[in-house]
Amino acid sequence: MQSYRFSNLLGATYKGGSVQFTPDGNTLLSPVGNRVNCVDLVQGRCSTLKPETVEDIRVFDLSPDGRLLLCVDLAGRGMLVNFVRGSVLQRIGFKAVVHAAKWSPDSNWLAVAAGRHLVLWRAPSIRVGWQFMQHRKLGGHQDDLLDVSWAPNSRFLVTCSKDMTVRIWSTVAEDGFEPISLVEHRSMVRGAFFSADIRHIYSLSRDGVLVTLRYDETPAKPEKEAEPQEGDPPKTAATAQDLARRPLYCRPGTWTVAGKAYCTSTHKQKVTRCAYDAGSRLFAAGFSGGIFMLFEMPEMQALQTLSLGSHALDSVALGANGDWLAVGSAEVGQLLVWEWRSETYVLKQQGHHWGIQCVAFSPAAGSSLKHQRSLANVEARPEDKGSMMGGRLVATGGYDGKVKLFNSQTGLCFVTFAEHTAPISALCFTPQGNAVLSASKDGSVRAFDLLRYRNFRTFVSPDGLCQFSGIAVDSGGEIVAASTSSGSYAIYVWSIQTGNVLEVLTAHESYVQSLQFSPSASHPGQLISGGWDGKVCVWDLYATKGGSAEPLRCPGSVLSVAFDPRANDVCAASCMSGQVLFWNTSTAQHLGSIEGLRDIQSARQWHDVFAASHSKGKRGGGRDTFKHGPDTVNLNQHFNSIAYARSGELLVCSSKNSPMCCLYDTTSYMLAAKVTLTTNRSLSGTKMILFGRDVTEDGVQLKLLDLSDEEADDEELARAQQRKRQATSLPGVSVGEAKDMYSERELHVWGVAFSADSQQFAAATTHGVFVFSADLGLGTPSSAASLFGGEISRFAPQMLTKNVSAPAVLQALSAGDLSRAMILALALNDYGLLRKVYQSVPRASIPLVISSIGSPLLPALIWFLGAELKPVTGTPHFQFHVHWVLALIDLHFQTLLEMSAGKTTERTGTMLEAAAASRSDVVALCLGLLVELSQRHSTMAKTFESNRYLLRYLGSMPIKEEAEAAAAAAKEAAASRINPARIEAAAQEARHRREQASSAKAAKSEEADGAAAAEDAEAAIPAGSKPLRKRRRSAAATAAEATETAEEAELAEAAEAAEEPAEAPGKKKKKKRRRQTGTSAASVEDE
């Protein structure tokens, strides 16, 4: 059975925290809850790192060498992450609230602003086991530090604090240096930065005062020389030389104010964040009213001012070259990247602001030949070609009434539909994958075209007095059915082509929660629906008019239904009793059930007042039915969403109040795996047990209390936001814009869905879509490695023995034994060695090498070929790669078929060897390889098509100089190849042709004159005379002969002109006479 690991987080909104660009300036890092999100702005991809902090991330910083990432949460707990591999190296508690943390430019030091102190740490390394070693702890500020910045030489630091001061520190004790405090502000200082030459320090306060401080050296005072003794060097010369070697701040000098600028904007906005890039000398400031300003230092010249709304900006960052500016606002949950020179958006991402209600994957490729042809078109979008072909397109519906489409491979949203005016309750794709349909609480079902990105059909009920809760499309993509949650609790069926209502199905007596069509070809119109009345109704829309329902009774309200994709007429229904029941819809037979009460493990909410035993004071008969303890079963929990995998052997179930998803084996009805979505303690509903230290004496959770002034970064801004939230919130509202602040931090899981190839499943929650991918154990690269350009270096060997080692691979490669080297490299499954052996195989030896690979290593080879097609980490030798794929299919096609079917033959080997590659792994790997090939083909086809038109255009343009040069070169080549005898023979032949042409011309002119005379005579004869008709025919024949003779003369003249370099003087007259002759002959022929 496959195991799944966290892959990505889609649709999550920005909730605060610092943002940062990678050292190359191409990738933007931002916090998403307790994880870090990476957006590649050049390649157009987005990924979320797997490591989690305990609570939401407040501060993080990436080392300048791009290897280590430090993340610090709200409580001051730090986490050190290997950024390339995406693994946790060390965790540490800083024992104070951390407002800033920065690596030194040389990556050897780490400065952490913890409370009122500045703590310097030596950079963790593998030599010390990635342990944090404290170097110095500096104090002097009277209030919490807000920011820290390093000098370019990594020897000095500058800090700013709420106490309105700026202080300068040294990394180590320097001779002649004394820490200094600069007091030039009258409010808390938001940031202080060094210039590139460290002679200037720029600081910005909360009230918008930008101060430039300059360090001016003063000549040293001459010291009184002592009487020199024998053998001592001159003291004055040594002192001057020593001062010259010292850093700038260790020499005598004074600080002066070089300039002040007031950045105050309208409506008395306050500065919330600021950033500075020393290379481009740009200074950016963000304000509490949604305005940011850009300055050029040290002139303090304002370059640009832009308003991004009326909400406070919580983060500001500048790219490595200063061209891109990243701005984030937590109130609206938006993160954007602005290119200030061209005044355009590089990135503008905004998730579902109030959570995601439903999620759906696009179907697999091959459903429609017409759709495949459209995807193969050069003008088709890459999102359509790659994602939809492999079932990688993800549709999400949120409480904000928006439908967003994500590419699960890139992780970015590329289109948003905002036609609905109420929350989205259900989503589904058409089987062809060319449209997505959504059901909403606004009483409408809308169909969106995925080729033109528009709402092409809207379905409503005849009375218009219902809200839709579920939606399904039949296997042919012709009809759509939607269930209602109000009114008559009916199911409406429409035609997608016409939009007319075909059927109104009424059999339920309560809320109809879910419905789905059968994938069986023998029952194309079979539909199942589940409602709160405890019935699963089976409808056959094509068999009988009105679709008579056959109810299947369940022990509780039905919350979700799903058909087995194997088309065996088996369906699963999740009940409120905590069970998942399996039925045969053809025979109405109950096949089995899953008891999920002990597997759900609902989490505790902060406002829960009952014990962890979940008993809520209930008692049984004579004895206590419920035991007190964490293992007590809660009878009030259930699965609210279920989904089948493509193979039908796996069923994923989710509960609304549980942060876990359960995977069940549908053959044995046993729990196969359990996946935890998140462990973020900043969210309510992620812990099974609430700790007593977080509860007050009155039994109230501390997190339910309002934010105190000491804990807020900006007290005035925090109180203003709190007053605004209290004014808009309504009692009893837990969803949408009017919900209170506590409901915004609750975690609920609303729906799950499997991808078409079963390699991914997604869970829709109030804080984004958590995507999990199958862990094939084949060295799958980390998300950060693919984004930041690091090499895939995960070590996941298929077999590990004494002979399978890196030296053995290199030894076989140096000896020229390519087959042995490739087999050992596949068994070791090291990406670097695999690529080295792969590139060393000549093209002619590819079939020989592939034929020597056994079936247990074929999955590793398929995965490696798919990884080599990746845009960043793959190989540029596409044709060489295609030869590998063709040889693999030609030589091992039958073996792959048998492995995908789970057969054990001579090709696949024994059962132990066949277990190394399960049937789902082989199918998924081949499908992934197909997706990568299709994406590369579409990209190259578009490039080739563009180049073809460009070359055609350039080839059609006449170039006079090149044509003349080519003609001269041809004449010279011809002159060099012809001898005098051949020249004399050619001249005689030309004279002979000229004589023939002149005689033909004379005959032609005589015949033309005779034809003209005959024409005149014929005009004078009456029309009824029979002999005259014969004469006309003879005249016409004569004219035709004359025309043929003229054509031969023209050909001969053309041949003569080709040999003669110059044109004869009377040639034009001859041509004119020929035209006249031809005209007369044509007139005779017409007569």
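## First stop: a glycine and its contacts

Select Gly-319 and display its surroundings: leaving aside residues up to four places away in sequence, Gly-319 touches Phe-21, Asp-277 and Trp-324. Please keep in mind throughout that this is a predicted model. Gly-319 is in the loop between strand E26 (315-318) and strand E27 (324-329). Its relative accessibility is 2%, so Gly-319 counts as buried, the cut-off for that term being under 20% relative accessible area. The C-alpha atoms of Gly-319 and Thr-27 are 9.1 Å apart in space, while the two residues are 292 residues apart in sequence.

## Two serines in loops

Next, select Ser-107, in the loop between strand E10 (98-103) and strand E11 (109-114). Its phi is positive, about 65°, although Ser-107 is not a glycine. Is Ser-107 buried or exposed? With a relative accessible area of 13%, Ser-107 is buried.

Move on to Ser-154, which lies in the loop between strand E14 (145-150) and strand E15 (156-161). Here too a residue other than glycine has a positive phi, in this case near 60°. Ser-154 has 5% relative accessibility and therefore counts as buried.

## A cis peptide bond

Select Met-297 and Pro-298 together. The peptide bond that joins Met-297 and Pro-298 is cis, with omega at about 0°. Pro-298 belongs to the loop between strand E24 (291-296) and strand E25 (301-307).

## An open sheet

Which order do the strands take in the open sheet of four strands? The order is E30-E31-E32-E33, and the pairing is antiparallel. At the edges are strand E30 (356-361) and strand E33 (413-417), each of which pairs on one side only. From one strand to the next, the twist averages 20°.

Within this sheet, select strand E31 (residues 393-398) and strand E32 (residues 403-407), an antiparallel pair held over five bridges. To see one of these pairings, pick Thr-396, whose bridge partner in E32 is Lys-404. While looking along a strand, recall a general point: side chains in a regular strand alternate between the two faces of the sheet.

## An enclosed strand and its hairpin

Select strand E38 (residues 468-473). Six of its six residues are buried, so E38 is largely enclosed by the rest of the structure. Phe-468 has Thr-484 as its bridge partner in E39. Five residues lie between the strands of this hairpin, and Gly-477 takes a positive phi near 70° there.

## A largely buried helix

How many of the eleven residues of helix H8 (residues 818-828) are buried? Nine of the eleven are, and H8 is therefore largely enclosed by the rest of the structure. Among the buried residues of H8 are Leu-818, Met-822 and Leu-828. Just after H8, select Asn-829, which takes a positive phi of about 55°.

## Last stop: a nonpolar surface patch

Finally, select Leu-950, Leu-951, Tyr-953 and Leu-954, and show their surface. These residues make a nonpolar surface patch of about 440 Å². Leu-950 is located in helix H14 (residues 919-955). With a relative accessible area of 45%, Leu-950 is partly exposed.

Note on methods
Residues are numbered from 1 along each chain as its sequence is written. This is a predicted model: local features need pLDDT of at least 70, side-chain atom pairs count only at pLDDT 80 or more; totals for chains, interfaces and linings use all residues. Side-chain values use heavy atoms; hydrogens and water are left out. Buried means under 20% relative accessible area, exposed over 50%, partly exposed in between (1.4 Å probe, protein chains only). Two strands pair if DSSP finds at least two bridges between them. Patches are made of residues with over 30% relative accessible area and no salt bridge: like charges are joined within 9 Å, nonpolar side chains (Val, Leu, Ile, Met, Phe, Trp, Tyr) within 5 Å. Accessible areas come from the Shrake-Rupley method with a 1.4 Å probe; for residues, only the protein chains shown count as cover. A salt bridge is a side-chain nitrogen of Lys or Arg within 4 Å of a carboxyl oxygen of Asp or Glu. Axes are lines fitted to C-alpha atoms, for helices over the stretch in contact, and angles run from 0 to 180 degrees between N-to-C directions. Contact means heavy atoms within 4.5 Å.
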